[in-house]
Amino acid sequence: MTSVRIEIVRQIAATLTVAIFFVMLASASHAFTAEAQRQCTGDAFRLCSSEIPDIGRITACMVKNRSSLSSGCRVELDKGLAAAKSHKVAEQ
């Protein structure tokens, strides 16, 4: 496989991984929006691309780098985490 093809496959895998990250937030919080994906995809690639394709590591990276997130992504991440936390509490 040529290096160009490998890079294309890696980019596709990275895009799918970021999408899965947001779906996981959605399943936990029921608050997934297209706005969250729009606001955070760039930040996920910029700050956490080395964690791809591990969803848990991407999530931890986004939380760890919260102060470096764009303001829009930070708001969306906080909404998702708060909803996930309240969902967990409701299950107990």
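Colleague: Why does Leu69 count as buried?

Modeller: In this predicted model, Leu69 has a relative accessibility of 3%, and because buried means under 20%, Leu69 counts as buried. The residue is found in the loop between H3 and H4, and, leaving aside neighbours within four places in sequence, Leu69 is in contact with Asp43, Arg46, Leu47, Met62, Arg74 and Leu77.

Colleague: What makes Cys40 and Cys73 a disulfide?

Modeller: Their sulfur atoms are 2.2 Å apart, and because a pair of cysteine sulfur atoms within 2.5 Å is taken as a disulfide, Cys40 and Cys73 form one. The pair links distant parts of the chain, with Cys40 in helix H2 and Cys73 in helix H4, 33 residues apart. Cys40 is buried at 2% relative accessible area, and Cys73 is buried at 0%.

Colleague: Why is the disulfide of Cys40 and Cys73 called right-handed?

Modeller: The torsion about its S-S bond is about 115°, so the disulfide of Cys40 and Cys73 is right-handed.

Colleague: What makes Cys48 and Cys61 a disulfide, and which hand does that disulfide have?

Modeller: The sulfur atoms of Cys48 and Cys61 are 2.1 Å apart, and because the cut-off is within 2.5 Å, this pair forms a disulfide. The torsion about the S-S bond of Cys48 and Cys61 is about -90°, so the disulfide is left-handed. This pair joins Cys48 in helix H2 to Cys61 in helix H3, 13 residues apart. By this rule the count comes to 2 disulfides, and their pattern is 1-4, 2-3, with bonded cysteines counted along the chain.

Colleague: Which residues make up the largest nonpolar core?

Modeller: The largest nonpolar core has 10 residues, among them Cys40, Cys48, Cys61, Cys73 and Leu69. The elements giving two or more residues to this core are helix H2 (34-48), helix H3 (55-64) and helix H4 (71-91).

Methods: Residues are numbered from 1 along each chain as its sequence is written. This is a predicted model: local features need pLDDT of at least 70, side-chain atom pairs count only at pLDDT 80 or more; totals for chains, interfaces and linings use all residues. Side-chain values use heavy atoms; hydrogens and water are left out. A nonpolar core is a set of buried Ala, Val, Leu, Ile, Met, Phe, Trp, Tyr and Cys residues joined through side-chain atoms within 4.5 Å. Buried means under 20% relative accessible area, exposed over 50%, partly exposed in between (1.4 Å probe, protein chains only). Helices (H or I, at least four residues) and strands (E, at least two) are DSSP runs, numbered from the N terminus. Contact means heavy atoms within 4.5 Å.
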